Amino acid sequence: MMKKISILGSTGSIGRQTLDVVRANREAFCIMGLSGNHNIDLLEAQIKEFQPKIAAVMDHEKALELSKRLGKCSTEVLAGMEGLIAIATMEEIELLMTAVVGMVGLLPTIKAIQSKKNIALANKETLVTAGEIVMEEARRNQVKIIPVDSEHSAIFQCLKGYNLKEVNRIILTASGGPFRGFQRNQLEKVTLEETLKHPKWNMGKKISVDSATLMNKGLEVIEAKWLFDLEQHQIEVVVHPQSIIHSMVEFIDSSILAQLGCPDMRVPIQFALTYPNRVENQLQRLNFSELRELTFEKPDMENFTCLKLAIEAMNQGGSYPTVLNAANEVLVDRFLQRKIGFMDIPNEIESVLENNPFKKVEDINEIIVIDQWTRDFVNNRISS
Ligand SMILES: NC(=O)C1=CN([C@@H]2O[C@H](COP(=O)(O)OP(=O)(O)OC[C@H]3O[C@@H](n4cnc5c(N)ncnc54)[C@H](OP(=O)(O)O)[C@@H]3O)[C@@H](O)[C@H]2O)C=CC1
Ligand SMILES: CC(=O)[C@@H](O)[C@H](O)COP(=O)(O)O
Ligand SMILES: [Mn+2]
């Protein structure tokens, strides 16, 4: 039987690779919903190829333009957050791939969970900003959250068949990013172009900047806490520049399982789509006799303070991860527009966390208020 799925963010890096996996397994999947934001040229091509029932475009003007372009095509085009939610909750689908970037994915993900859809979760900001609420909602509705992020997919794969009570700790691997080994005075001078050149992965711009500041690893620590119900002392980060070991689990008997492979997101994406089964593919295989070395080092949290700030925000709990995430989203966006420097990202996040007036979070509405307060606070600071 074909698995019916929708993709939020089909025009992005994860979205496009999800469609690559679908293309290679045409008989297994049926695309019911697709969404984009600005790139309607690509969305139009995807609609013509996959003929989903609904397509959603966040940007209202672009939605109108796409609708005109498609003419009599059977795909219905919807706009804005309502459109994203419609795709996420379509009656026909059993799995939603959340491949949008940023906390904009939160509401559609929650609505999908409440509509009993399993989630293939790439959109890590959703769990960072509202992990407790999202996981509780998933438990209540008995839906599966299947991680797509390479490290979390690795842990999920290592845990298959095991009980979480048998886990001592997890070891999240980090590439170290393009500036591994840099000191603060060097980081102050890095350019946007250098920042976007990740040594191992070809990804969207926001996550590429996050990898360079090590915020990506901080977000992943928080993501892991919620996905696997771990305490802070059970999560270790180790820098592994070759990105061959995607992460590891140490069990209570001191045995460690690792998941390895060439760095290719189509592997964890495929695993999430076909879970609980594995399906053959033609992707590149690891050649151990050509692998010269696998090395490991401690992450540098003195020069790359984003990782430290994220771990502290996780430990403080309540609203802190929401503030951290929102501040990071605004600052990365400003950096991508060349309005601020690389080191303004950690420095400004530190200031906003110190000024956080909120402490507790009760529900999604409070998350949205705290997120908006943070965006306004950061925007006011950097434009004044
Ligand atoms: N890329 C990777 O290899 C990995 C990514 N991830 C995570 O997956 C998520 C997606 O990352 P990635 O694919 O790299 O990101 P991209 O920037 O490549 O793609 C983002 C997608 O979200 C859409 N989008 C952007 N802003 C909005 C908005 N405001 N409302 C609705 N849709 C929007 C984009 O539309 P459009 O392009 O049409 O404007 C695009 O479809 C992130 O959370 C990232 O951290 C995790 C592990 C690896
Ligand atoms: C592919 C993936 O999952 C990314 O999140 C990747 O981990 C980024 O690499 P860093 O380890 O440099 O953050
Ligand atoms: Mn990752």
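Leaving aside neighbours within four places in sequence, which residues is A327 in contact with?

A: Keep in mind that this is a predicted model. Once its neighbours within four places in sequence are left out, A327 is in contact with E348, I349, V352, T374 and V378.

Some of those partners also touch each other across a helix pair. E348 and V352, along with S351, sit in helix 15 and meet T374, F377, V378, R381 and I382 in helix 16. By type, the residues of that contact split into four nonpolar, two polar and two charged. As for geometry, the axes of helix 15 (residues 344-354) and helix 16 (residues 364-383) come within 11 Å and cross at roughly 125 degrees. The two helices are therefore oblique to each other, and their crossing is right-handed.

Now back to A327 and the core. The largest nonpolar core has 107 residues, and A327 is among those that touch the most other members, together with L8, M97, I119, A120, C306 and A310. Helix 14 (residues 320-336) gives the most to this core, with nine residues. In general, nonpolar side chains tend to be buried together in soluble globular proteins.

Helix 16 turns up in one more place: it is among the elements covering the buried residues of helix 5, as are strand 1 (3-8), strand 5 (95-98) and strand 6 (118-121). Those buried residues of helix 5 (residues 106-114) are L106, P108, T109, I110, A112 and I113. Just after helix 5, K116 takes a positive phi of about 65 degrees.

Note on methods: Residues numbered from 1 in each chain as written. Chains lettered and ligands numbered in written order. Predicted model: local features only at pLDDT ≥ 70, side-chain atom pairs only at ≥ 80, totals over all residues. Axes fitted to C-alpha atoms, helices over the stretch in contact; angles between N-to-C directions. Helix = DSSP H or I, 4+ residues; strand = E, 2+ residues; numbered from the N terminus. Parallel < 35°, antiparallel > 145°, perpendicular 65-115°, else oblique. Left-handed = near helix turned anticlockwise from the far one by under 90°. Contact = placed C-beta atoms within 7 Å. Nonpolar A, V, L, I, M, F, W, Y, C, P; charged D, E, K, R; others polar. Core = buried A, V, L, I, M, F, W, Y, C linked by C-beta atoms within 7 Å. Buried ≥ 20, exposed ≤ 12 C-beta atoms within 10 Å, placed from the backbone.
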